[in-house]
Amino acid sequence: MEGGGNIVDYHGCDFFPERWFDRVVVFQTENSVLYDRLTRRGYSGTKLSNNIECEIFQVMLEEASDSYKEEIVTAMQSDTIEDISDNVVSLTEWIESWSPWVIII
């Protein structure tokens, strides 16, 4: 991490030092879309309901907002292939124009 230029993909952020990142991205998905994705991956029971509840209550966005400066936290919708493609373009443009560190949740 000391050298910079890293992307961190992790499902949590409250234990990463704020100084590591210039941007924190939280991908969000509409609940019915998330439910379908997770059931296709074999999630069921408690694991499925915990993930859906986290999305409903925006747990990851709240955790990121509590852990880092408001101006570096960005939420991006990730429901469709088009959303994902747009996110890739947006993040690629940001990385090319800025950089040192990004965290993707």
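Q28 counts as buried at 12% relative accessibility, where buried stands for under 20% relative accessible area, exposed for over 50% and partly exposed for what lies in between, with a 1.4 Å probe applied to protein chains only. The structure is a predicted model, in which local features need pLDDT of at least 70 and side-chain atom pairs count only at pLDDT 80 or more, while totals for chains, interfaces and linings use all residues. Residues are numbered from 1 along each chain as its sequence is written, and side-chain values use heavy atoms, with hydrogens and water left out.

## The chain as a whole

The C-alpha trace spans about 40 × 30 × 20 Å along its principal axes, and 31% of the 105 residues are buried. Where contacts (heavy atoms within 4.5 Å) join residues at least 6 apart in sequence, 77% of them link residues at least 24 apart.

Q28 belongs to strand β2. Neighbours within four places in sequence aside, Q28 is in contact with E55, Q58, L61, A75, M76, Q77, S78 and D79. The C-alpha atoms of E55 and I81, which are 26 residues apart along the chain, are separated by 19 Å.

Helix α2 runs over residues 45-56, and its 12 residues should span 16 Å at 1.5 Å a residue, which agrees with the 17 Å between its end C-alpha atoms; the expected span is 1.5 Å times one less than the number of residues. The buried residues in α2 are L48, I52 and E55. Seen down the helix axis, the buried residues of α2 fall within an arc of 60 degrees, so they line one face of the helix, the arc being that of the directions from the helix axis to the C-beta atoms. Among the elements that cover these buried residues are β2 and α1 (31-40). After α2 comes Q58, whose phi is positive, near 50 degrees. K47 lies over the face of Y43, at 4.5 Å from the ring centre (a charge sits over a ring if NZ of Lys or CZ of Arg is within 6 Å of the ring centre and within 35 degrees of the ring normal).

In α3, the buried residues are L61, E63 and A64. Viewed down the axis of α3, they fall within an arc of 160 degrees, so they line one face of the helix. They pack against β2 and β3 (73-77). L61 touches V26, Q28, V73 and A75, when residues up to four places away in sequence are not counted. S65 is also found in helix α3, and its C-alpha atom lies 24 Å from that of S32, a residue 33 places apart from it in sequence.

The largest nonpolar core has 11 residues, namely V8, C13, F16, F21, V24, V26, L61, A64, Y68, I72 and V73; such a core is a set of buried Ala, Val, Leu, Ile, Met, Phe, Trp, Tyr and Cys residues joined through side-chain atoms within 4.5 Å. Both β2 (23-28) and α3 (59-67) supply at least two residues of this core.

## Aromatic rings

The structure holds seven aromatic pairs, counted where the ring centres of Phe, Tyr and Trp (its six-membered ring) lie within 6.5 Å, with planes under 30 degrees apart called stacked, over 60 edge-to-face and the rest tilted. F15 and F16 have ring centres 4.7 Å apart and planes at 35 degrees, so this pair is tilted. The F16 and W20 pair is tilted because the planes stand at 40 degrees, with the ring centres 5.8 Å apart. Ring pairs link Y10, F15, F16, W20, F21 and Y68 into a cluster.

## Accessibility of selected residues

| Residue | Relative accessible area | Class |
|---|---|---|
| F16 | 14% | buried |
| E55 | 18% | buried |
| W20 | 26% | partly exposed |
| S65 | 38% | partly exposed |

Definitions and conventions: Helix = DSSP H or I, 4+ residues; strand = E, 2+ residues; numbered from the N terminus.
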